[in-house]
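Here is a first look around a protein model. Have the viewer ready and follow along.

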Amino acid sequence: MRRFLVLVAAAVLAAVPALALRLMGAKVGPIGETAAYGVAILSAGFLLSWGAEAAERHVSRGLIIAAVALVTVLPEYAVDLYYAFQAGKAGPGSPYVHYAAANMTGANRLLVGLGWPLLVAVHWARGGGREVELSRSNAVEVSFLLIASLYAFVIVLKDSITLLDFAVLAALFGAYIWRVQGAPGADEDEEPGPAAALNALPVRKQWTFMAALTLVACVIILASAEPFAEAMVHSGRLLGLNEFLLIQWLAPLASEAPAVTIAVLFVVAGRAANGLGALVSDKINQWTLLVGMLPLAMSLGAGAVAALPLDARQAEEFFLTAAQSLFALALLLRLRLGLGSAVALVGLFGVQVGLAFIYRNDEARTVTTLTMLAWIYLGLAAILFLVNGRRMLDLLRAGLLERRMGKVGAPVRPEVVRGQR
């Protein structure tokens, strides 16, 4: 317990400089503010992760994985929704429109392109084998992510994200939560992260700690999101860096780190399926709620109904993100992610990031590159879907219709259910 309290204290102390800057209204320059507020958001993410992790023993397996995924990306929501809100205040032609789209697409692609492969690499390095196997119950996550990814192409065709899209995507996320809430509860194995220390406390004290961690983290995020978002823009200008790319990749690195860290801890604890399942769930809530809430935040900023427009560059960024998501799903049709698949994901991700920086000052070439990479992803996905067509139908049937599921191709057994959380 002492180690856990030390970690909590360290996380809170890491946020103190940012809170002091905000309370005093002090300015230390864009780079210093980016660092201070970025560290604060990172620390808040860990506090949220520990609080959600501690709740795992008290909530059903599927629901807590969805909750952990949602809670740990609240920092990402705060930054992206701030950009969307400012876009609404400034009008459709504002650069904030681009910033909102950049942050959202960057977070989604970073999670799949680096987060998923990292788990496979850690699992392999620890002698767990060359692939992470999911259980048949994870067909729920894969099925809903497939539906959300297919709907993303509707948004691409419309070149805008509207309040209607918010309604559809929010309903999809609600249906996903409803499907996972009946999943088996947690077993008695020790939790993988620092919050395992809370298990020794009475239940009432556990909930008190969890509520306190969440409250402190939310205060830190609310205080830091706006200055962090603005500091990144000014830092890019000061350093002569492309603002769009800075927002697309730097902010998600800070906001996604806690979620990925918790997933890695699952792998280290010998529960690789739980780690990958959590990141798949993370992708679902970003691909539904985060995307859907952008026009809502923009409408609030504008004081009227507004849609988030996607210009030629943003439309192709969104197209590439949707194509990457579909390819990643095609790799999961067998409910496993192998080392070769991980290399493919990280390799293609590295190519897209590298080309983005190479052509950062050439808008036309950038758009062409995004389109080319998107079609490569779609071509590879199409091959995998054709090869695994029957598995896809079985997976959708399991994910959307079956109530209790065990290992792939095996009947449900109580010991299997208890061992897969």
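What follows is a short tour of confidence, ring pairs and a few surface spots.

This is a predicted model, where local features need pLDDT of at least 70, side-chain atom pairs count only at pLDDT 80 or more, and totals for chains, interfaces and linings use all residues. Residues are numbered from 1 along each chain as its sequence is written, and side-chain values use heavy atoms, with hydrogens and water left out.

Let's start with confidence. pLDDT is the predictor's confidence in each residue, from 0 to 100. The protein chain has a mean pLDDT of 82, with 86% of its residues at 70 or more. Where pLDDT is low, the predicted coordinates should not be read in detail.

Now for the rings. Searching the whole structure turns up 11 aromatic pairs. Rings of Phe, Tyr and Trp (its six-membered ring) pair if their centres lie within 6.5 Å; planes under 30 degrees apart are stacked, over 60 edge-to-face, and the rest tilted. Two of the tilted pairs are set out below.

| Pair | Centre to centre | Angle between planes |
|---|---|---|
| Tyrosine 83 and tyrosine 96 | 6.3 Å | 35° |
| Phenylalanine 327 and tyrosine 377 | 5.7 Å | 50° |

Tyrosine 83 sits in helix 4 (residues 74–90) and tyrosine 96 in helix 5 (residues 95–125), 13 residues apart. Helices are DSSP runs (H or I, at least four residues), numbered from the N terminus. Both tyrosine 83 and tyrosine 96 are buried, where buried means under 20% relative accessible area, exposed over 50%, and partly exposed in between (1.4 Å probe, protein chains only). They also belong to a cluster in which ring pairs link Tyr82, Tyr83, Tyr96 and Tyr99.

The other pair joins phenylalanine 327 in helix 11 (residues 312–331) to tyrosine 377 in helix 13, so it ties together parts 50 residues apart in sequence. Phenylalanine 327 is buried at 4% relative accessibility, and tyrosine 377 is buried at 1%.

Helix 13 (residues 363–387) also holds methionine 372, which is partly exposed because its relative accessibility is 43%.

Last stop: glycine 350, in helix 12 (residues 339–358). Is glycine 350 buried or partly exposed? At 40% relative accessibility, glycine 350 counts as partly exposed. Glycine 113 is 237 residues from glycine 350 in sequence, yet their C-alpha atoms are 8.0 Å apart in space.

Methods:
Helix = DSSP H or I, 4+ residues; strand = E, 2+ residues; numbered from the N terminus.
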